[in-house]
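Here is a short tour of a protein model, grouped by topic so that you can follow along in your viewer. Have the sequence and the coordinates open side by side, and start wherever you like.

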Amino acid sequence: MIKIIKYCFFDLVRSRWSLVYFSFYLLLSSALLFLNNDTSKAVISLMNIITVLTPLIGTIFGVMYYYNSREFVELLLSQPIKRSHIFIGQYLGVAISLSLSLILGLGIPFLLYGVMQESTSNFLMLLTVGTFLTFIFVALAYNIALSHENKIKGFGYAILVWLFMAVIYDGIFLISLVVFQEYPLDNASLIATAFNPIDLSRILILLKLDISALLGYTGAIFKNFFGTSLGFVTSFLVLILWVMIPVFFIYKKAQRKDF
């Protein structure tokens with residue numbers, strides 16, 4: 001599996017799209033740090049972009065790499081290599097390469113501008129959340145691609161999953177809060193947030209920056225839970241589950257996949 005991870009990693013690192021992805025974050029973070037004297041504002045701006053763009057790129061790259069490497073996978077399957085090692089190795093190679101592009105693209109400007117000492121914890125939270133979102137949505141993309149041989153269907157379902165998580169879910173959540181505002185929805189709000197890694201990641205960053213007022217009238221609820229040590233630990237455990245469960249399904253689907 002290690003050799004497969006290395007091959008996929010270096011194959012993507014040499015890709016022009018990885019360079020574009022890295023350059024985008026490099027230029028974006030440099031511009032935001034240059035224009036904002038307050039690093040918290042730069043982190044907030046990056047958060048709004050990362051929580052939407054990172055899942056989208058992870059979804060597209062995951063589906064695209066699976067379909068483009070179909071012949072290579074068939075060649076590997078003719079060798080005495082476990083199927084699960086092939087697909088999980090590919091998944092890890094894609095997720096690690098995208099995460100490295102994100103970390104370097106954001107980290108280099110912050111180091112050069114010398115603002116790491118001022119907002120180290122906030123910046124590390126931003127990188128951690130971005131990395132989690134990358135691993136989660138690449139895993140979801142691989143599950144979708146493994147379930148659909150047709151490329152058009154695979155891309156369509158993958159984009160639909162991203163659209164639901166990034167936009168539609170928030171709309172349904174807010175409408176539900178307004179419609180059922182007369183009922184106690186404290187616990188329901190917390191549970192609903194855990195079912196969307198994008199919302200959970202956004203809330204963790206906002207609470208880390210101590211600007212929970214931006215969350216609206218539900219900010220106090222999230223602050224009371226996610227703002228505590230138990231809340232942070234629980235949140236990261238939920239994000240880990242969001243990674244492990246799709247990877248488990250990749251393992252199961254790889255064993256049953258008929259080529």
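Setting aside residues within four places of it in sequence, Asp-170 makes contact with Asn-196, Asp-199 and Arg-202. This comes from a predicted model, and Asp-170 itself sits in helix α7, which covers residues 151-179. With a relative accessible area of 18%, Asp-170 falls under the 20% cut-off and therefore counts as buried.

**The fold as a whole**

- The protein has 11 helices and 0 strands.
- Read from the N terminus, the elements run α-α-α-α-α-α-α-α-α-α-α.
- Of its 259 residues, 48% count as buried.
- Take the contacts between residues at least 6 apart in sequence: 81% of these join residues at least 24 apart.

- Helix α2 spans residues 16-35, which makes 20 residues. From its first C-alpha to its last it reaches 28 Å, close to the 28 Å expected at 1.5 Å a residue.
- Which residues of α2 are buried? They are Ser-18, Tyr-21, Tyr-25, Leu-28, Ser-29, Leu-32 and Leu-33.

- Ile-60 has its place in helix α3. Its relative accessible area is 29%, and because this lies between the 20% and 50% cut-offs, Ile-60 is partly exposed.
- Beyond its neighbours within four places in sequence, Ile-60 is in contact with Phe-155 and Ile-159.
- Ile-60 and Phe-137 are separated by 77 residues in sequence, yet their C-alpha atoms are 9.1 Å apart.
- Tyr-67 also lies in helix α3. Is Tyr-67 buried or exposed? At a relative accessible area of 7%, Tyr-67 is buried.
- Not counting residues up to four places away in sequence, Tyr-67 touches Ala-145, His-148, Glu-149, Asn-150, Lys-151, Gly-154 and Phe-155.
- One of those partners, Lys-151, is 84 residues from Tyr-67 along the chain, with 7.0 Å between the two C-alpha atoms.

**Leu-126 in helix α6**

- Leu-126 belongs to helix α6 and counts as buried, at 0% relative accessibility.
- Apart from neighbours within four places in sequence, its contacts are Val-43, Leu-46, Met-47, Ile-50, Leu-106 and Ile-205.
- Leu-126 and Ile-50 are 76 residues apart in sequence, and 8.5 Å apart from C-alpha to C-alpha.

**Helix α11 and Leu-239**

- The 28 residues of α11 should span 40 Å at 1.5 Å a residue, and the 41 Å between its end C-alpha atoms agrees with that.
- Buried in α11 are Gly-231, Ser-235, Val-238, Leu-239, Trp-242, Val-243, Pro-246, Val-247, Ile-250 and Ala-254.
- What is the relative accessible area of Leu-239? The value is 0%, and Leu-239 is buried.
- Leaving out residues up to four places away in sequence, Leu-239 touches Phe-132, Ile-136, Pro-197, Leu-200, Ser-201 and Leu-204.
- The C-alpha atoms of Leu-239 and Ser-201 are separated by 8.4 Å, although the two residues are 38 apart along the chain.

**The second largest pocket**

- The second largest pocket holds about 150 Å³ of space.
- Its lining is made of Leu-140, Asn-143, Ala-194, Val-238, Leu-241, Trp-242, Ile-245, Pro-246, Phe-249 and Lys-253.
- Which elements give two or more residues to this lining? They are α6 (120-147) and α11 (229-256).
- Helix α11 provides the largest share of the lining, 7 residues.
- By type, the lining residues of this pocket divide into 8 nonpolar, 1 polar and 1 charged.
- Val-238, Trp-242 and Pro-246 are among the lining residues, and they are also among the buried residues of α11.

Terms used: Residues are numbered from 1 along each chain as its sequence is written. This is a predicted model: local features need pLDDT of at least 70, side-chain atom pairs count only at pLDDT 80 or more; totals for chains, interfaces and linings use all residues. Side-chain values use heavy atoms; hydrogens and water are left out. Helices (H or I, at least four residues) and strands (E, at least two) are DSSP runs, numbered from the N terminus. Buried means under 20% relative accessible area, exposed over 50%, partly exposed in between (1.4 Å probe, protein chains only). Contact means heavy atoms within 4.5 Å. On a 1 Å grid over the protein atoms alone, a cavity is a set of points where a 1.4 Å probe fits but cannot get out, and a pocket is an open set with protein on both sides within 12 Å along at least five of seven lines; lining residues have an atom within 4 Å of a point. Grid points are joined across faces, edges and corners, and a volume is the space filled by probe spheres set on the points. Ala, Val, Leu, Ile, Met, Phe, Trp, Tyr, Cys and Pro count as nonpolar, Asp, Glu, Lys and Arg as charged, and the others, Gly among them, as polar. The expected span of a helix is 1.5 Å times one less than its number of residues.
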